[in-house]
Amino acid sequence: MIFYFSGTGNSRWAAKTLAELLGEKLIAVSEAFASRQYEYTLEEGESIGFVFPTYSWGPAPVMVEFVKRIKFNNYSSNTFCYMVTTCGDDIGLSVDIWKKALGNITCNAAYSIQMPNNYILLPGFDIDSKELEEKKKSNAIGRIESIAHEIKLHTHKIDVVKGAMAWIKSRVIYPWFSRYSMSDKKFAVSPDKCTHCGACVNNCPMQNITMNGNSTPQWHGNCAMCLACIHRCPTRAIEYAHATQKKGRYFFK
Ligand SMILES: Cc1cc2nc3c(=O)[nH]c(=O)nc-3n(C[C@H](O)[C@H](O)[C@H](O)COP(=O)(O)O)c2cc1C
């Protein structure tokens, strides 16, 4: 079975493609959270896969929260477990952080896949050019096929792009991000642009957005920082303070 979390669709695409190539069941972590489903029974020989985006050089914190609660019936030391993380560039020490979060479950293989960047909250960070977006997507197809092939063979392997200064990024910036940067208080809606279409409500994987009395989106403090609301708003009515005003928007089509 493959568990996935995705904000703007890259990891959903990766998880779905892997599930098809491997003939595996696909489980959306957002739905598992909503239904508080944390206990799973493995069939004989079934492997466990986790697919998620890298956030601030670590696993998306929502996945860490999820995996800490998960319980597998029939798990044994023979169960093959792997992680695949999508990222814009590099993932630092995400694999070490993920292995620790897994507790008694052993992670046998780990892969990173470069996909179009969706991080736009800090100065100097923006979505990729159309050309780079297409190049990353086209490379990702071959990459996921070879990952699926290796997973099928239960290959024990770590094949990731850690990038420069991985220790500082993952041991200093990631903990700071997980602790202090997950607030949804800075999301703001432009009343002139919002058409009250509900796309932000429907695309929030955390069910963290509702329409208030005036049919204006309202965030409720359970944000995964996936930026689906910003990127998928059809009228660009949502900003994150001033940080996103001149930035592009992206989601996987
Ligand atoms: C909050 C946040 C932090 C991110 N941090 C990183 C990072 O540390 N390294 C990186 O290469 N990409 C980073 N990205 C980009 C995403 O990992 C990448 O675009 C990913 O494929 C998005 O997956 P999704 O479409 O499934 O949500 C970040 C994105 C967000 C929203």
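**Exercise 1. Sort the residues of the shell around the ligand into nonpolar, polar and charged, then say where the ligand lies.**

Solution. Start with the classes: Ala, Val, Leu, Ile, Met, Phe, Trp, Tyr, Cys and Pro count as nonpolar, Asp, Glu, Lys and Arg as charged, and the others, Gly among them, as polar. With that scheme, the shell divides into ten nonpolar, twelve polar and three charged residues.

A word on the model before going on. It is a predicted one, in which local features need pLDDT of at least 70 and side-chain atom pairs count only at pLDDT 80 or more, while totals for chains, interfaces and linings use all residues. Residues are numbered from 1 along each chain as its sequence is written.

Next, find the members. The ligand is surrounded by 25 residues, and the closest are Ser6, Asn10, Ser11, Pro53 and Cys87; a residue is near a molecule if its C-beta atom, placed from the backbone, lies within 6 Å of it. Helices (H or I, at least four residues) and strands (E, at least two) are DSSP runs, numbered from the N terminus. At least two shell residues come from each of helix H1 (10-22), strand E4 (48-55) and strand E7 (81-87).

Last, the location. Domain bounds come from an automatic or database domain assignment. Because domain 1 (2-179) and domain 2 (187-240) both give residues to the shell, the ligand lies between them.

**Exercise 2. Describe how domain 1 and domain 2 meet.**

Solution. The protein is divided into domain 1 (2-179) and domain 2 (187-240). Their C-alpha centres lie 25 Å apart. Ten residues from domain 1 and ten residues from domain 2 make the contact, where two residues are in contact if their C-beta atoms, placed from the backbone, lie within 7 Å. On the side of domain 1 that touches domain 2, there are six nonpolar, four polar and no charged residues.

**Exercise 3. Find the largest nonpolar core and look at the surroundings of Val84.**

Solution. Two cut-offs come first. A residue is buried if 20 or more other C-beta atoms lie within 10 Å of its own, exposed if 12 or fewer, and partly exposed in between, with C-beta atoms placed from the backbone. A nonpolar core is a set of buried Ala, Val, Leu, Ile, Met, Phe, Trp, Tyr and Cys residues joined through C-beta atoms within 7 Å.

The largest such core has 58 residues, and Val51, Met63, Val84 and Cys229 have the most contacts inside it. Each of domain 1 (2-179) and domain 2 (187-240) gives this core at least three residues. Not counting residues up to four places away in sequence, Val84 touches Ala14, Leu18, Gly49, Val51, Tyr111, Ile113 and Ile147.

Now turn to Met63, one of the buried residues of helix H3 (residues 61-69), along with Pro61, Val62, Phe66 and Val67. The buried residues of H3 pack against helix H2 (29-34), E4, strand E5 (58-59), helix H4 (94-102) and helix H6 (166-180).

**Exercise 4. Which loop holds Ala224, and which residues is Ala224 in contact with?**

Solution. Ala224 sits in the loop between strand E12 (217-219) and helix H8 (228-232). Having 24 other C-beta atoms within 10 Å, Ala224 is buried. Leaving aside neighbours within four places in sequence, Ala224 is in contact with Gly7, Ala60, Val62, Pro205 and Met206.

**Exercise 5. Is Pro116 buried or exposed? Is Tyr38 buried or partly exposed?**

Solution. Pro116 belongs to the loop between strand E8 (109-114) and helix H5 (130-152). There are 23 C-beta neighbours inside 10 Å, so Pro116 counts as buried. Contacts of Pro116, beyond neighbours within four places in sequence, include Asn10, Ile127 and Tyr250.

Tyr38 is in the loop between H2 and strand E3 (39-41). With 14 C-beta neighbours inside 10 Å, Tyr38 counts as partly exposed. Apart from residues up to four places away in sequence, Tyr38 touches Ala32, Arg69, Ile70 and Lys71.

**Exercise 6. What is the phi of Ser56, and what is the phi of Asn74?**

Solution. Ser56 has a phi near 55°, a positive value in a residue other than glycine. Ser56 lies in the loop between E4 and E5 and counts as buried, with 21 C-beta neighbours inside 10 Å. For Asn74, phi is near 70°, again positive in a residue other than glycine. Asn74 is in the loop between strand E6 (71-73) and E7, and with 11 C-beta neighbours inside 10 Å it counts as exposed.
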